[in-house]
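Subject: Structure handover and findings

Dear colleague,

Here is the structure we spoke about, with my notes following it. Please keep it open beside the text as you read.

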Protein chains: 2
Amino acid sequence: MLKRVTLKEVAARASVSYQTVSKVINHKSHVTGETEERIYAAIRELGYTPSYTARSLRSQRSNTIGYSWQPSPPDQANPILDEFLQSMFRTAETCGYYLLCFPYHGEVSRQLDTYRDLIDTGRVDGFVLSVVNYGDPCVNYLLKRKFPFVAFGHLDDLQTFPYIDVDGGLGLHMAVDHLLSLGHRKIAALAWPEDSRVGNNRMDGYFNAMHEAGIEVQPEWVQRGVGSYEVGFNSTLRLLAMPEKIRPTGIVAMNDLMAIGAMAAIRQLGLFPGKDIGVTGFDDAPTARYLNPPMTSLRQPVSSIGQNLMQRLITYLETGVYPEPVGELVAPQLVIRASTTGVETGELSN
Amino acid sequence: MLKRVTLKEVAARASVSYQTVSKVINHKSHVTGETEERIYAAIRELGYTPSYTARSLRSQRSNTIGYSWQPSPPDQANPILDEFLQSMFRTAETCGYYLLCFPYHGEVSRQLDTYRDLIDTGRVDGFVLSVVNYGDPCVNYLLKRKFPFVAFGHLDDLQTFPYIDVDGGLGLHMAVDHLLSLGHRKIAALAWPEDSRVGNNRMDGYFNAMHEAGIEVQPEWVQRGVGSYEVGFNSTLRLLAMPEKIRPTGIVAMNDLMAIGAMAAIRQLGLFPGKDIGVTGFDDAPTARYLNPPMTSLRQPVSSIGQNLMQRLITYLETGVYPEPVGELVAPQLVIRASTTGVETGELSN
DNA sequence: AACGTTCGCGCGAACGTTCGCCCAATCTTG
DNA sequence: CAAGATTGGGCGAACGTTCGCGCGAACGTT
């Protein structure tokens, strides 16, 4: 931590006023090519780097974006965190921004305290939110304070804010269509509780696809639970114990973990996933392809979402308007593997 | 972004000089209990929050810690990232620090540029490094600049810097001992290439444990590769094709993914992991318990490592000395499941 | 030749803190 | 009881930028 080189020293060396140096490096004023060169030379020779702190004190901007997320339970990895973060701060960096990560607090008040602190102390210029639940308190808070943010995920249409979301309904539609195309008619769903926003979005796709195929969904086909392995396992045992007439031959799960539980239950009954019962997951966790059998799942285009969100936010910060469209749904990709087709895809070069 | 409340306004309301207010909130000077109360009342009434930017401009400290990590390949989730990050910024927050995450660049020069920029612009006070490889360029750079950092992982003893590392050697020793106790004698290892620092640390434990048990390690037992599923799979096929005399009955892998590949290979030969061949992994990825069979693996105490690292770094920043010991090895935990014992542990409440 | 315009750059003034020094009043001490 | 020590608080000066304004010279236009 040696003494830092300042604007004034650069200016002295280039024989101009230090304010001129500032203007040059910010491209705020036209100067002669000759003086500009002199200034850049001085900068290079002295190894000058502008002080981020002084700069943001004066300009009232921190060039920092805040992001917080709900930690995963220990038995459930967050399959997209790494990719999402990397895509965000990679994009941010090219625009001169950095990403500040801060803790997620369970209690709403502490959660909001953290956001307030970051805003009031001037540490961040905007936030990226991962919106999962109905009536997210952070969304309301930021809307009320008119503080810039973009969200991964959206709510109902009552509150309008910039977001990108994966079209989970479309995803499940694709999964169901896939099973239908394989000849399945009795297709069950491993769903989240009814108060799950993401879950309901996805389930809509299930219901629509079944309806469009002219199949009446039996109420027993919809098994709800917290999204754990155990729920998937036990629900599947129940499904496969049903009378032949309504016993499902296909199962779509709202996440990978329930699908993994389902496959375990299927095997425990002496059946084989993909041969006897088709199973699909959601998220395409990295291990999905290494399961036995490899699992069909829906992959979210995480990198492009992160990049897109960050770009929108920065655009807003620098221009004052959000690029259209304010909200956007993107399609997931159905990655087909043996848990539905019964045949190895050759994706693994064994 | 309304006008912010400043020290001066608080001071005016409390009828003191604004510098006194500063001293009070920083506990730098003793004042009458009475004036102190007046000041705090004014702060509360006006809703004052100190400007982070102005504060750090003056005090030359950003109260921010930088962290960057190598992104995982898409087929390999980082099983500890979420927990590590959460533990770090949770600890940081209680001390008034935040965590700045920035991109990892493949090319060394760009990587160092990023570190330099963060230092020279004054954005961070210190770094947390994840040190994986021999001769990490960032370590050298930061040592040379005498810039504060702590590391998750360590190198040889030539360069000394504060670190915490999981004792991978001990971990593999435990894994081998576990297999020995189950009666295995011919134990193979799925290893990383020889230039892998982490890999060599772990392999030392394998060799030591075998040596202590009086078993001569056959050269063919050590199969090296990049740590992928495919490497685990193919290496295991080779191992199990060996003549009865040296054909291993136990396999320790340097990571979970190779162990998963090994289990797949075992099954493909009509054998069953845990019954016929014992398999252990490393990292205890969340999905390890949901595999068929559930996999024995070594778990790193990630949360306590993150917390500990952050505390050490902040202690150094505030006192100028690193707490002893400067380097510390912590033991991983062997999580025993059916891939070695052959019996379900009941960890899953099926 | 007189007159706007643009160009290139300088200058003073913030931005909101913390730091070091000073001073007056009170308290201790031999 | 004089002299030093302590306490409570004020004051000016940074910290390193960016912002807005202004001014002289060069330029092109009637």
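This is a predicted model: local features need pLDDT of at least 70, side-chain atom pairs count only at pLDDT 80 or more; totals for chains, interfaces and linings use all residues.

I begin with A:Leu142, which, leaving aside its neighbours within four places in sequence, is in contact (heavy atoms within 4.5 Å) with A:Tyr115, A:Ile119, A:Phe127, A:Leu129, A:Phe147 and A:Phe149. A:Leu142 lies in helix α7 (residues 137-145) of chain A, where helices (H or I, at least four residues) and strands (E, at least two) are DSSP runs numbered from the N terminus. With a relative accessibility of 0%, A:Leu142 counts as buried, a word that here stands for under 20% relative accessible area, with exposed for over 50% and partly exposed for what is in between (1.4 Å probe, protein chains only).

Residues are numbered from 1 along each chain as its sequence is written, chains are lettered from A and ligands numbered from 1 in the order in which they are written, and side-chain values use heavy atoms, with hydrogens and water left out.

Turning to the two chains, chain A can be laid on chain B with an RMSD of 0.0 Å by a turn of 180° and a shift of 0.0 Å along the axis, the superposition being by least squares on the C-alpha atoms of residues with pLDDT of at least 70 in both. The two copies are thus related as by a two-fold rotation axis, and of the residues of chain A it is A:Leu100 that comes closest to this axis, at 2.3 Å (C-alpha). Because 100% of the interface residues of chain A are also interface residues in chain B, the copies meet through the same surface.

In chain A, an open sheet is formed by four strands in the order β7-β6-β8-β9, with parallel pairing; two strands pair if DSSP finds at least two bridges between them. Strands β7 (222-224) and β9 (278-280) of chain A stand at the edges with a single partner strand each, so one side of each has no neighbour in the sheet. Strand β6 (residues 187-191) of chain A pairs with strand β8 (residues 250-253) of chain A over four bridges, in the parallel sense, and A:Ala189 has A:Val252 in β8(A) as its bridge partner. Helix α9 (residues 197-212) of chain A packs on the sheet and touches β6, β7 and β8 of chain A, its direction making about 170° with that of β6(A); axes are lines fitted to C-alpha atoms, for helices over the stretch in contact, and angles run from 0 to 180 degrees between N-to-C directions.

Not counting residues up to four places away in sequence, A:Tyr206 touches several residues, among them A:Ile187, A:Ala189, A:Trp221 and A:Val252.

Lastly, B:Lys146 has a positive phi of about 55° although it is not a glycine, and at 71% relative accessibility B:Lys146 counts as exposed.
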